[in-house]
Amino acid sequence: MLRRLIKRTIGSAALAPFARGRTRQSLLHRVNVVYLHYVGEDRPYYSDFYLGTTLDQLDDDLRRLKEHFAFCSLAQVVGATTEIELDGKPLLALTFDDGFDLVRNGAIEVLDAHGVSATTFVVTSTLDNANLMWRNKLSAIRALCPESVLVGHYNALMMKAGLPVAQSGRAAMHASESWPTNRKEELVDQLWAACGMPPLAEFLDQHRPYFTREELRQWLTRGHGVGLHTHSHPRCSELLGEAVMAEIVEPGLSLKQELDLDFLPLSYPFGVRLKPEIELDLWEQGLFDCVFGIGGFAPRGTPPLRLERACMEGDYRYEVFGRAFVGRPRATATKLPPGRPVSAPKRDRPSESRPLGAAREDPEIPGPRARCRSVR
Ligand SMILES: [Zn+2]
């Protein structure tokens, strides 16, 4: 509670007249990327995480952020190799996690009205609404099943699985984050059935929460980007060998080929990274152009495989402005004339052309072995 109050105070202070200059200066020296998830009215599959990002709220948020930032595509923001301002403002890229539909629900119209090019990070097992991602299944169960019934079935399942029980639906949601990642599908599907939820295909047909492949093509045609958020939303720190292939490498290659992508970013579910040696090995394969956690804006100069993003849901003033305000400001940025486009990152070779373990050659992109500056 106190922590929240302090953050709210810092977030507000960061934009006060006495602080604005320092905040802006700090933001000029960071790779500014924000993330959202679902846009629209509250729905069972997102109730547990919903913070009120309706279309109107998105419209308001973009208008407010444009007072302080110049929106650019993710490729442009990541590719800006020096501290840059555009139209007198630091750059900002907008991203969406979990692959929720942004075409049918009208979010794309809001983005286009603001001239914002956004990137959606998809969970490939849910494309075409073929499945409901496990966290969304748990949210739907909690929204539609009486709490006592949910907790009873949850605890029976946990005892059978040798995992901790929970005292409430909220505690069960929290505890389920620690399920062994290779058991999440089996456990959530058993809970779905035990709680008497409707047949999954029926639920998916009714709600259609995610992008279809066809809609992703429309999204790309209209100037937006696509990245990978893994195949099934695991905790990546637990992935080894074949699981890394199945969750990240194979779906990344498929997305790239199917959608003819020449820039492919990766965002980690929960912001939880692969083990460092596995992450480095993945980076050296050259499939991804940049990789994101959720630790707030990274300092410019951070290697692209160690980038971070800030949350833009709810009261985001601390995440977006407050952290920058309390961070250390640096030297003046390079100024570009108003309206001048920022160059996108240099194209790296196709991933297939670089053998496993070979180093990246592009001198403009800091190598994976370069030391990462601390990320707040
Ligand atoms: Zn996610």
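First, the ground rules. This is a predicted model, where local features need pLDDT of at least 70, side-chain atom pairs count only at pLDDT 80 or more, and totals for chains, interfaces and linings use all residues. Residues are numbered from 1 along each chain as its sequence is written.

Strand β5 covers residues 89-96. Strands here are DSSP runs of E, at least two residues long, numbered from the N terminus. Seven of the eight residues in β5 are buried, so the strand is largely enclosed by the rest of the structure. Buried means 20 or more other C-beta atoms within 10 Å of the residue's own, with C-beta atoms placed from the backbone.

Now the partners. Two strands pair if DSSP finds at least two bridges between them.

Take the parallel ones. Strand β2, residues 33-36, pairs with β5 over four bridges. There, Val 34 stands opposite Leu 94. Strand β3, residues 70-71, runs parallel to β5 and is joined to it by two bridges. Phe 71 faces Leu 92 across that pairing, standing opposite it. Strand β6, residues 118-122, is also parallel to β5, with three bridges.

Which strand runs antiparallel to β5? That is β4, residues 84-86, joined to β5 by two bridges. Leu 86 stands opposite Lys 89. β4 and β5 form a hairpin with two residues between the strands. In that hairpin, Asp 87 takes a positive phi near 55°.

How values were computed
A residue is buried if 20 or more other C-beta atoms lie within 10 Å of its own, exposed if 12 or fewer, and partly exposed in between; C-beta atoms are placed from the backbone.
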